[in-house]
Amino acid sequence: MSSATLSTSMKGKGPLCRFLLDDPAGKWLLIAVFAVSIIVSGLNQFVPEGSALHVSSYTVTLLGKYLCFGLLALALDLVWGYCGILSLGHGAFFALGGYAMGMYLMRQIGDRGVYGNPELPDFMVFLNWQELPWYWQGFDSFWFAMFMVALVPGLLAFLFGWLAFRSRVTGVYLSIITQALTYALMLMFFQNDFGFGGNNGLTDFKDILGFSLQSDSTRVVLLMLSALALGLGYLLCRWLVNSRYGRVLMAVRDAESRTRFIGYRVEHYKLVAFVVSAILAGIAGALYVPQVGIINPGEFSPINSIELVVWVAVGGRGTLYGAIIGALLVNYAKTWFTGAMPDAWLFALGALFVVTTLWLPRGVVGLYEQAKKRFIKPSSGTQDKEVVDHGR
Amino acid sequence: MVDKHIPDDTLLYLDNVTVSFDGFKALNNLSFLVKNQELRAIIGPNGAGKSTMMDVITGKTRPDTGDVLFNPNSSMQLKSSIDLTRHDEAEVANLGIGRKFQKPSVIESLTVWENLELALKGRRSPFESMFKGLSSEGANKIDEALEKIRLQDRRDFTGASLSHGQKQWLEIGMLLLQDPELLLIDEPAAGMTDEETFRTADLLRELSSERSVVVVEHDMAFIKALDCRVMVLHEGSVLAEGSLEHVQQDQQVIDVYLGR
């Protein structure tokens, strides 16, 4: 509620400064993410394997995976929490980014595959293909592949969003067609002829930029890169939602038609948010794939996108940091459940969603806010006063 | 495209506008014009087509037939005549037509100040909204508007926390900052106290010294306070037009509306 006054009073001090002062929760979350990543990396790299303090490479990768999910949840929160676009197909952008990275990793295998073909990935040799299809060209270059990681999800989001938002498809209808989008992509990627490895997907990766994916140091670097991507993604989203652009997004979320009558091209605003979000999701997917070592069409399955919505809802939407916290919490719970009682996980997930919908409309983050309000109630009046004094 | 005679100082021109929904004619050959800096009140029973008329002018509804022109006499005003039926809501708003809804619709999650900033004229593209800061001139305009709508002490409260009357005022403030040439206002006095109603009438009269204002209203005391030309709408077309006294004495008007 204080963003306007703060942004006017701190004009010209740079987005990072404004961010640090305006968003303590986000600041502490990012500090915690970096601290844990660095500690886990250090304990993995510098503590000998026999020691009680040693962290296994499994844990390093697991944490890296969580951070990728955090970035994905952040991407969804930008469009859902701030613009009211409930995308039930955001997993598609994640998977496309993952496939772009997977294609690069496949090309890196070279002649070390089962069939030893220096040019063609194993699945193409198996299908008796004679040459690399045109859409695989260029993926031997790391930077080209990284460009595609952003371009492919971004372009799909642009085309899809342009058509959907221009036709004023909103609410449940939009959710359903995003779901259809990811489902259609899943069916396409399942086809062997489509040229992306069919239901096996892309796997058996060997190395990235010459570094072995099996080595602990590569895994640590990937973890740190995931933390960095999450941090930068967070700063970008925070900057966007704190700017006037973000306030227009919220206006669209709260009163779309009113915002049109003020003179804003609502579809353009939605489109920008949707494309930025898709690119962030693509980057998350690209960091995810080398860490888990596989990408297959299952990543497009609608249930993944729905789970993603649950993460954001559980964490608390419309806060950015809540989405990340939700992704980390739910995925940690998932890891624990699938280890301890695998059959119970889906029930637990369902229960979590019901509890969140019924009692925690603003998620775990909202629970904290509620508690704070209840126990430190008298200061709420002075808080408003403070804000007034703050502005100019 | 305009071959009919339209008076020189016309800002908005509707000619034979018809809109039908499933055979029901919400507007039936509606024709009228609004002059520059004119204050005009429109009354009419429910279903007379008042909202549809607003929708047509603001680009929300496309008419089946008829012309809706903004600045029709292009040669006189150095501005081009604009066919409003070819533009959508955002474009119409940026051409200089502001609209206030019956239900106060301010952005609930934004503060009073942020609502006003949102409405401030200019800087409408996503790119501008990210990189173009607020000019000091713009900030002054917002402060002036805050003063005018008497919400200075509420500037950092969210829209959701305002009372009904305060929301109405905030919305009027937002319209001021949009700085439109034509202002369409739907039942501004609804839910206001008597004192607020008269204050609103004063403000609207004041506003009409710089722009044209069209007010749709039911409250006769309010219309009397506006002291302007009144148009009675019935079944999608104009039933009577003139001073309040004139239309109040019109037998047809009494039959369909006032006499009830």
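Some housekeeping before we start. Residues are numbered from 1 along each chain as its sequence is written, and chains are lettered from A, with ligands numbered from 1, in the order in which they are written. Because the model is predicted, local features need pLDDT of at least 70 and side-chain atom pairs count only at pLDDT 80 or more, while totals for chains, interfaces and linings use all residues.

The C-alpha trace of chain A spans about 70 × 60 × 45 Å along its principal axes. Its radius of gyration is 22 Å, which agrees with the value near 21 Å that a compact globule of 392 residues would have. That radius is taken over C-alpha atoms, and the globule rule is 2.2 Å times the number of residues to the power 0.38. Of the 392 residues in chain A, 43% are buried, meaning that 20 or more other C-beta atoms, placed from the backbone, lie within 10 Å of the residue's own.

So where does chain B touch it? We call two residues in contact if their C-beta atoms, placed from the backbone, lie within 7 Å. On that count, 27 residues of chain B are in contact with 29 residues of chain A. On the chain B side, the elements giving two or more residues are α3 (89-95), α4 (112-119) and α5 (126-131). The most comes from α4(B), with five residues. By type, that side of chain B divides into ten nonpolar, ten polar and seven charged residues. Here Ala, Val, Leu, Ile, Met, Phe, Trp, Tyr, Cys and Pro count as nonpolar, Asp, Glu, Lys and Arg as charged, and the others, Gly among them, as polar.

Now the strands of chain B. Strands count as paired if DSSP finds at least two bridges between them. β1(B), residues 10-21, runs antiparallel to β2(B), residues 24-35, with eight bridges joining them. In that pair, B:Leu14 stands opposite B:Phe32. Two residues sit between the strands of this hairpin, and B:Asp22 takes a positive phi near 50°. β1(B) also pairs with β4(B), residues 65-70, in the antiparallel sense over five bridges, and there B:Asp15 stands opposite B:Asp67.

Then there's the open sheet of six strands in chain B, with mixed pairing and the order β6-β7-β8-β3-β9-β10. Which strands stand at the edges? They are β6 (97-100) and β10 (237-242) of chain B, each with a single partner strand, so one side of each is left without a neighbour in the sheet. Inside the order, β3(B) (39-43) and β8(B) (212-216) run parallel, joined by four bridges, and B:Arg40 has B:Val214 as its bridge partner.

Two helices to point out here. α7(B), residues 164-178, packs on the sheet, touching β6(B) and β7(B), and its direction makes about 175° with that of β6(B). Axes are lines fitted to C-alpha atoms, for helices over the stretch in contact, with angles from 0 to 180 degrees between N-to-C directions. α8(B), residues 194-207, lies across β3, β7 and β8 of chain B, at about 145° to β8(B).

How values were computed
A residue is buried if 20 or more other C-beta atoms lie within 10 Å of its own, exposed if 12 or fewer, and partly exposed in between; C-beta atoms are placed from the backbone.
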